[in-house]
Amino acid sequence: MQINRLFEIVYLLMHKKQITANELAAHFEVSRRTILRDIDTLTTAGIPIYTTQGKGGGIFIQDNFVLNKAFVSKEEQKQILFSLQSMTATGLIETDQVLGRLRSLFDNPSKEWIEVDFSRWGHSEKDSTKFEMLKNAILNELAVSFDYLNPYGEFKGHEVYPLKLSFKSKIWYLKSFCLTENDYRIFKFTRLNNIVVLAKPFNSGDYETPETEPAKDSSVPCFVDVKLFVSARAKYRIYDEFAESDITVNKDGSFTLRMNHGRWIYDYILSYGVMVEVLEPQYIRDEMLVHIEKIKNKYSF
């Protein structure tokens, strides 16, 4: 793309100080005439580039030039750098080289003021490879196939048009149109295996991006208030895993948590082991006894 070439021409000139049109043409694999048009575009945009003819001549850029003088304000520079830093924080996209170039162009020293890592322990390299494959498939509008682990512990093959990667509640999702099921589907990133990018193009404009939030069913309550007594050793989890607005601390020291209604509630409560007791509502308390009895039976002789 021309905008990428223009950006790199400026970058090369700032670091090499002098370069010829023929060298630039060879670097970008375009004609000398194309490079000269690019130089005209840059000078028209206000970039202080000049050329000299004859022996020792070439293309130059003003020594004290930095990009902020021509294109973007200091505040806009900060926003650009912060956006790239934020993408680096996912642990899945390599932006260090771009960040380095932009800092050089903006005359902006490195200032790493935030560090976030969304990748899983011990899986960052594998996740990064999967993420890169899906990203390229989305940008190039190519179908992908993969094996997906369903809730029954079975891998099932799917072929999809990938539409968007979404990060929601500590989990990456792939939003797609599934050709296997002829419907929109959202897949958990961690359950994808054996991803293959196919030579099968599609037009993303023909498809809508499905919502991450589940469809509402008026016959089922969206939320339920669960009153729990939690051991002091596990109280930190309440504040780690729930928004402050969903937590009520009761006078007796118990917590009332506003939870999304679903079967996951029982698995979540069981994850506390002996450090929790359900106080209300009664039907969840009763259901917990059923789950506990099933666990007990597994260890009975």
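**Entry 1: strands**
I started with strand β2 (residues 49–52), which pairs with β3 in the antiparallel sense over 4 bridges. My notes on terms: two strands pair if DSSP finds at least two bridges between them; strands (E, at least two residues) and helices (H or I, at least four residues) are DSSP runs, numbered from the N terminus. Within this pairing, Thr51 has Ile59 in β3 as its bridge partner. I then looked up β1 (residues 18–19), and it also pairs with β3 (residues 58–61) in the antiparallel sense, over 2 bridges. There, Gln18 stands opposite Phe60 in β3.

**Entry 2: what I'm looking at**
This is a predicted model, where local features need pLDDT of at least 70, side-chain atom pairs count only at pLDDT 80 or more, and totals for chains, interfaces and linings use all residues. Residues are numbered from 1 along each chain as its sequence is written, and side-chain values use heavy atoms, with hydrogens and water left out.

I checked pLDDT, the predictor's confidence in each residue, from 0 to 100. The chain averages 78, and 73% of the residues score at least 70. Over residues 215–220 pLDDT stays under 50, and the model has 2 contacts beyond four places in sequence for them. A contact means heavy atoms within 4.5 Å. Where pLDDT is low, the predicted coordinates should not be read in detail.

**Entry 3: helix α9**
The 17 residues of α9 (residues 282–298) should span 24 Å at 1.5 Å a residue, and the end C-alpha atoms are 25 Å apart, which agrees. The expected span is 1.5 Å times one less than the number of residues.

Which residues of α9 are buried? I found Ile284, Met288 and His291. They cover an arc of only 65° around the axis, so they sit on the same side of α9; the arc is that of the directions from the helix axis to the C-beta atoms. Buried means under 20% relative accessible area, exposed over 50%, partly exposed in between (1.4 Å probe, protein chains only). On the other side of α9, Leu289 and Lys296 are exposed. The buried residues pack against β9 (223–230), α8 (264–270) and β12 (276–280).

**Entry 4: Glu280 and its neighbour**
Glu280 is in strand β12 and counts as partly exposed at 45% relative accessibility. It touches Asp225, Val226 and Lys227, leaving out residues up to four places away in sequence. Glu280 and Lys227 are 53 residues apart in sequence, yet 4.9 Å apart in space, C-alpha to C-alpha. The peptide bond from Glu280 to Pro281 is cis, with omega near -5°. Pro281 lies in the loop between β12 and α9.
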